[in-house]
Amino acid sequence: MGSYQKKVMFSTAAGFGLENMDIMFLSFTLSSIIATLGISSTAAGFISSITNLGMLIGGLFFGILADKYGRVRVFTYTIWIFAIATSLMFFAKNIYMIYALRFLAGIGAGGEYGSGMALIAESFPKRMVARISSISAVGGQVGAILAALLAAVILPHFSWHALYLFGLLPVILIFFIRRHLDESPEFKALQASPQQHVKSGSLKILFATPSQAWQTVALTIMVMVQIAGYFGLMNWLPSIMQNRLGLTTSSSSLWMIATIIGMSFGMMTFGTVMDRFGARRAFTIFLVAAAISVYVLTLATNKWELLGAQVLVGFFSNGMYGGYGAIFGFLYPTEVRATASNAIMNFGRAVGGFSSVLIGFLMDHYTLVIVMGFLSTAYMVSLIVMLSIPKLKTKKV
């Protein structure tokens, strides 16, 4: 990799990592928030869903801006927003203030994704994009591990509010990006073409033909399932471990690292498989395996069995995440690449994020087997939809 490519990879991986650290703070403080505010599991599940709604609005708005005015500039603005909103959670005293701040944090986090993925697609040869996208996604998991370590140190001794002060860490990254990273040559070429620049950021292009419209809808459904599995498992696994195996909040935070490590290995494996064999084969393998592996969680009877189950589920259920950014880069042109990435990913997040509410409801009324059955069925629906995308049938993506 050249110097510019290394800077792109570092900046996107760090950005996604700090964003994911912010998201995972909620997972590790959810039980404490429920206890201190006296709210139901369903009300707590809405915190994540409202965050994802903010991601949808921010994704649409900042995706269009990134296609029109620059990926790097918008990337830094969005980091500012979610960093400030996260740190203000220190002052949250009721559920409504939490809803408002998580919505604002979602606006910033939602705008970041498309800019980062567009930078990767425009800075690396096609044969490397899936692996680089996966490396950036692994950066997100590093952020989750950082969140778990901070939770294990902070929560036993301080109020859950204190954890959110670390949301100011992304500010350091902003100064690096603004000083060292420039727009990609491909985007600069687009800016030099007035006719193409007029089309930049147009949502209409995502639905220009019946085939293009179904491609957009199908990818959105796949992302919904991906996010439903991710947020459903990551938001509720700590609570499941605490209730089922009697682990403390700090212990469950450390055990969650096993799931995150499994996800990271899964992402790196998926990126390599996709670059070598194409998206259809890679997604088929991982979606089928994810549908089967979620049931392994229901068989765990002690912490060591649960540890192995978490690694397996993490490997397959979230190993696919980096592949979506690569697909968006391949299937959509430069002038709408950030818009498409943000619109599809964040609409999928907004809808899929309601899995936290649904799983909270199912956990209140049904067994863990029912919860995992819901997720398993969703993965098989995603497989059927993926196989129907026209361009994935006719070209190696």
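Thr216 touches Leu206, Phe207, Tyr332 and Ile344 when residues up to four places away in sequence are not counted, contact being taken as heavy atoms within 4.5 Å. The structure is a predicted model, in which local features need pLDDT of at least 70 and side-chain atom pairs count only at pLDDT 80 or more, whereas totals for chains, interfaces and linings use all residues. Residues are numbered from 1 along each chain as its sequence is written, and side-chain values use heavy atoms, with hydrogens and water left out.

Thr216 belongs to helix H9, where helices (H or I, at least four residues) and strands (E, at least two) are DSSP runs numbered from the N terminus. With a relative accessible area of 4%, Thr216 is buried, a term that stands for under 20% relative accessible area, as against exposed for over 50% and partly exposed in between (1.4 Å probe, protein chains only). The backbone oxygen of Leu206 is reached by the side chain of Thr216 at 2.7 Å.

Apart from neighbours within four places in sequence, Thr334 is in contact with Asp67, Arg71, Glu122, Glu186 and Leu190.

Over the protein chain, the secondary structure comprises 17 helices and zero strands, and 62% of the 397 residues count as buried. Of the contacts between residues at least 6 apart in sequence, 84% join residues at least 24 apart.

Helix H11 (residues 279-293) contains 15 residues and should span 21 Å at 1.5 Å a residue, which agrees with the 21 Å between its end C-alpha atoms, because the expected span is 1.5 Å times one less than the number of residues. The buried residues of H11 are Ala279, Ala282, Phe283, Phe286, Leu287, Ala289, Ala290, Ala291 and Ser293.

Key
Polar contact = N/O pair within 3.5 Å; in protein donor to acceptor, adjacent residues only side chain to side chain.
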